[in-house]
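Thanks, everyone. I'll keep this brisk. Here is the model on screen.

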Amino acid sequence: MSEWWRGAVTYQVYPRSFQDDSGDGVGDLRGITRRLPYLADLGVDVVWLSPVFASPMADMGYDVSDYRDIDPVFGTLADFDALIARAHDLGLKVIVDQVMSHSSDQHPAFQESRQSCDNPKADWYVWADPRPDGSPPNNWLSVFGGPAWTWDARRRQYYFHNFLASQPDFNFHNPNVVAWHEETLRFWLDRGLDGFRFDTVNYFYHDRLLRDDAADYRVKPEPEANPYNMQYHLFSKNQPENLGWLERIRRVLDTYPDRTSVGEVGETHHAIAMMGDYTAPGRLHQCYSFEMFGDDYSPAFFRGKIEEFFTGAPKGWPMWAFSNHDVRRHLTRWADYGASPAALANQTAALLLSFPGSICLWQGEELGQTDTELSFDELTDPQGIAFWPAPVGRDNTRTPMVWDGAAHGGFTAGTPWLPVKAPQAARHVAGQIGRPDSVLERYRAMIAFRKANAALRLGGCQFLETADPVLAFRRGTGADALTCVFNLSAQPVAVDVPGLGDQCGPLQTCALQGEVLCLGPNGFGFFRAKT
Ligand code: GLO
């Protein structure tokens with residue numbers, strides 16, 4: 001079994017927004033297939049597709065109504081097979097989001113389950129009687145607002161949903177549910193898929209006793225925009241039974257050669273420890289979380305997260321990302337730390353792509369994209385609408401990929417489902433390709449540099465003691481070792497880093513004068529250690 005995924009670079013495609021070939025304003029599989037050479041040229045190893053399965057799209061595909069078919073808006077199973085074949089021809093792997101914790105309420109299993117308390121699917125979802133006063137069985141809340149329980153008049157019971165009421169949670173305590181999900185995995189693996197990104201891997205199981213979540217773990221005393229963040233989720237998720245299910249998933253994957261898995265840990269309190277636990281030997285290959293999606297851009301922050309992971313889980317494997325389809329783009333979040341958007345984009349490319357673990361890029365970050373400003377009327381995301389005007393940013397980051405200077409950035413010949421606006425429209429692929437100083441070409445150079453250096457992909461990571469705002473670490477050992485130094489601020493800084501060695505790598509924005517390294521605003525450099 002090859003471990004090709006260790007240290008690899010994944011590129012997340014949001015199918016609705018990547019390339020529309022049909023002209024209906026929504027991206028599709030044929031559009032993605034047409035653009036695969038762009039991704040192969042960029043040098044990434046893996047393409048991760050956000051969900052493409054049949055769905056009423058209440059949560060843009062994270063609400064699946066048929067786990068074994070493609071939604072017509074994206075194409076057909078034949079289009080999917082063609083995408084995989086083309087990707088493999090180009091040397092790219094493909095993984096797809098699997099949203100197994102919950103389905104759509106339109107899924108036939110839920111439709112059957114809600115009919116009565118004794119039908120064959122009655123126990124496939126989480127049903128519970130009301131309390132004597134008619135209220136929900138406990139205090140569990142939904143991530144998307146309101147209680148996590150919705151009343152069903154026919155069954156005269158509540159059903160549980162961690163997300164929308166139209167996303168009922170499966171009951172993983174039922175072995176038939178687990179076995180059925182395993183069959184779905186085999187269905188896609190048999191088609192040649194290289195693995196999965198598993199949505200919300202800490203949400204599969206719930207406490208059978210339905211005990212109340214706690215309110216004693218508040219980070220801030222004042223109310224949050226989302227009351228979900230005012231609870232500590234001891235019982236609605238994060239159950240120990242999750243681990244056994246991850247081990248079963250791994251056993252399925254291991255019956256196929258060279259597959260991988262990435263688990264998304266959706267947790268605010270102990271996400272790093274959970275990533276380690278969930279990637280212990282025999283469990284998932286890699287885990288991903290929201291840990292680097294906040295506002296902090298300090299040396300202590302990055303050092304703290306990376307050290308915490310590898311100290312706690314020397315045998316685990318993280319996947320790091322700075323942005324995705326659920327959060328504001330990092331060039332928007334960290335704008336205050338950038339001398340200019342381009343300087344910050346170049347630095348964040350170099351920083352992320354020199355981290356130990358695997359790396360995930362979010363579509364458009366290689367163009368230096370920022371969030372699109374949208375009015376309330378333009379929003380489509382239920383979370384963004386529920387918590388307006390809190391900066392949730394899911395629509396703002398999901399606007400279409402910008403390919404050229406044509407209408408709608410060349411994304412569609414129709415009317416795009418989310419608008420392409422200035423200044424994002426100007427940062428198009430066609431205008432950056434072949435221009436060595438563009439953000440796109442710097443990403444390409446940095447991806448190639450990581451690929452060419454085993455120290456960056458697979459080497460250990462030792463942090464050097466440098467003062468703020470400098471972050472410095474050594475990757476790998478011996479003659480291959482590289483020292484990576486970053487000035488995480490918009491002001492120039494000089495720093496004394498003994499024994500740096502020779503400058504190397506494609507993206508230097510610093511000068512070495514004796515032992516003193518002069519780093520420009522957002523400057524950084526790579527050095528080959530002297531042996
Ligand atoms: C993050 C997912 C998110 C979905 C949610 C429900 O957690 O990527 O987009 O809305 O998980 O499936």
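Start at Asp-326: an N or O atom in its side chain is 2.7 Å from an oxygen atom of the ligand. His-102 puts a polar side-chain atom 2.8 Å from a ligand oxygen. For Arg-394, the distance from a side-chain N or O atom to a ligand oxygen is 3.1 Å. How much of the ligand does the protein bury? It buries 95% of the 310 Å² that the ligand exposes when taken alone. Those areas come from the Shrake-Rupley method with a 1.4 Å probe.

Some ground rules. This is a predicted model, where local features need pLDDT of at least 70 and side-chain atom pairs count only at 80 or more, while totals for chains, interfaces and linings use all residues. Residues are numbered from 1 along each chain as its sequence is written, and side-chain values use heavy atoms, with hydrogens and water left out.

Now the shell. There are 14 residues around the ligand, and Asp-59, Asp-199, Glu-264, His-325 and Asp-326 come nearest. Near means a heavy atom within 4 Å. By class, seven are charged, four nonpolar and three polar. Gly counts as polar here, and charged means Asp, Glu, Lys and Arg.

Which domains supply the shell? Domain 1 (9-100 + 174-207 + 231-448) and domain 2 (102-169) each give at least three residues. The chain also has domain 3 (460-529). The bounds come from an automatic or database domain assignment. The centres of domain 2 and domain 3, over C-alpha atoms, are 54 Å apart.

Next, the space itself. The ligand takes up the largest pocket; to sit there, more than half of its atoms must lie within 2 Å of the grid points. A pocket is an open set on a 1 Å grid over the protein atoms alone, with protein on both sides within 12 Å along at least five of seven lines; a cavity is a set of points where a 1.4 Å probe fits but cannot get out, and lining residues have an atom within 4 Å of a point. The largest pocket has a volume of about 1,500 Å³. Its lining has 45 residues, with Asn-229, Thr-268, Phe-290, Val-327 and Gln-383 closest to the centre.

Last, the search finds one cavity of 30 Å³ or more. The largest cavity has a volume of about 90 Å³.

Technical notes. Polar contact = N/O pair within 3.5 Å; in protein donor to acceptor, adjacent residues only side chain to side chain. Points joined across faces, edges and corners; volume = space filled by probe spheres on them.
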